[in-house]
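Colleague: I would be grateful for a close look at one part of this model, namely the strand pairing and what surrounds it. Please take the contacts of the residues concerned in turn.

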Amino acid sequence: YQRRVHGDSRVEMVEKTEYTKLTEDDGVLKSIITLGYGDSVPLKGQQVIVLFKVYLPDGKLIEDVSDPERAAAFLTDSEAVFKGLMLGTLSMKKGECARFKVKPEYAFGEKGNEKVPPNSQLEVEVEMLDFHDKWKHMIDLPDKERLEFTKQIKQLGNDHFKEKRLKAAAHFY
């Protein structure tokens, strides 16, 4: 904790945010907000299911994927999201919530995009709901395998529900 002293002599204890390096060049820094559970983190090629918010340096929210019913799912070896978000998710346990500082070269770089000005650092808050091997499309499965697959998905939801991880459970129902 660090002390913040106000002009009128009030003292407030504020949690000091500590970041760890995910890249040698400090391009992606991580601070854990809520500890996850288990010992494993996603592997390249697995699918992750996350909730996240992306902020510009001035605090402006530019992307909000925080509704569990609309959680983001992507493969960790794809280019579906910017590199800093990908690297961040590869460091997270299930149930973990973390904040990442992402330098421009790990975000949208010199070009930016319609929401992100060129050379912008981003702050990203991510909650890891789940990760697993990538799934086939259910439509491609034979009926018997499709039924088994849906039972497995339902069981994942039930497991999260029993552990009182309701946001994660809602994704599977």
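Modeller: Strand β4, residues 28-34, pairs with β8 in the antiparallel sense, and six bridges join the two. The model is a predicted one. Within this pairing, K30 has F100 of β8 as its bridge partner. On its other pairing, β8 runs antiparallel to β9, again over six bridges. There, R99 stands opposite E125 in β9.

K30 deserves attention for its side chain as well. The side chains of K30 and E96 meet in a salt bridge, with 2.7 Å from N to O. This pair links distant parts of the chain, since E96 sits in the loop between α1 and β8 while K30 belongs to strand β4, and 66 residues separate the two. Which of the terms buried or exposed applies to E96? E96 is buried, because its relative accessible area is 3%, below the 20% under which a residue counts as buried. K30 is likewise buried, with a relative accessible area of 7%.

The loop between α1 and β8 also holds K94, whose partner D130 lies in strand β9; the pair therefore ties together parts that are 36 residues apart in sequence. The side chains of K94 and D130 meet in a salt bridge at 3.1 Å, N to O. K94 is partly exposed, at 22% relative accessibility, whereas D130 is buried at 2%. In general terms, side chains of opposite charge can pair when their charged atoms come close. The count of salt bridges in the model comes to five. Another of these joins the side chains of D26 and K21, at 3.4 Å from N to O. D26 is partly exposed, with 28% relative accessibility, and K21 is exposed, with a relative accessible area of 53%.

The largest nonpolar core has 27 residues, and F52, L122 and V124 touch the most other members. Two or more residues of this core come from each of β5 (46-55), β6 (61-65), β7 (72-75), α1 (83-89), β8 (97-102) and β9 (122-133). β9 gives the largest share, five residues. V124 shows how these parts meet. Leaving aside residues up to four places away in sequence, V124 touches F52, K53, V54, F82, L85, A98, R99, F100 and V102. F100, one of these contacts, is also the bridge partner of K30, and R99, another of them, is the residue that stands opposite E125.

The structure holds one aromatic pair. F82 and F108 form this pair, which is tilted: the centres are 5.3 Å apart and the planes make an angle of 55 degrees. F82 lies in the loop between β7 and α1 and F108 in the loop between β8 and β9, so the pair ties together parts that are 26 residues apart in sequence. F82 is buried, with a relative accessible area of 9%, while F108 is partly exposed at 30%.

β5 and β7, which both contribute to the core, pair with each other in the antiparallel sense over four bridges. In that pairing, V50 has A72 of β7 as its bridge partner. A72 and F74 make up the covered face of β7, and A73 and L75 the uncovered one.

The setting of these details is a protein chain with three helices and nine strands. From the N terminus on, the elements run β-β-β-β-β-β-β-α-β-β-α-α. Of the 173 residues of the chain, 37% count as buried. Among contacts between residues at least 6 apart in sequence, 60% join residues at least 24 apart. The chain exposes about 11,200 Å², of which carbon and sulfur atoms supply 49%.

Q155 lies in helix α2, residues 143-162. Q155 is partly exposed, with a relative accessible area of 36%. Q155 and A169 are 14 residues apart in sequence, and their C-alpha atoms are 9.5 Å apart in space.

Note on methods. Residues numbered from 1 in each chain as written. Predicted model: local features only at pLDDT ≥ 70, side-chain atom pairs only at ≥ 80, totals over all residues. Heavy atoms only, no water. Buried < 20%, exposed > 50% of the residue type's maximum accessible area, 1.4 Å probe, protein only. Contact = heavy atoms within 4.5 Å. Areas by Shrake-Rupley, 256 points an atom, 1.4 Å probe, with all protein chains shown as cover. Core = buried A, V, L, I, M, F, W, Y, C linked by side-chain atoms within 4.5 Å. Pairing = 2+ DSSP bridges. Salt bridge = Lys/Arg side-chain N within 4 Å of Asp/Glu carboxyl O. Phe/Tyr/Trp six-rings, centres within 6.5 Å; stacked < 30°, edge-to-face > 60°.
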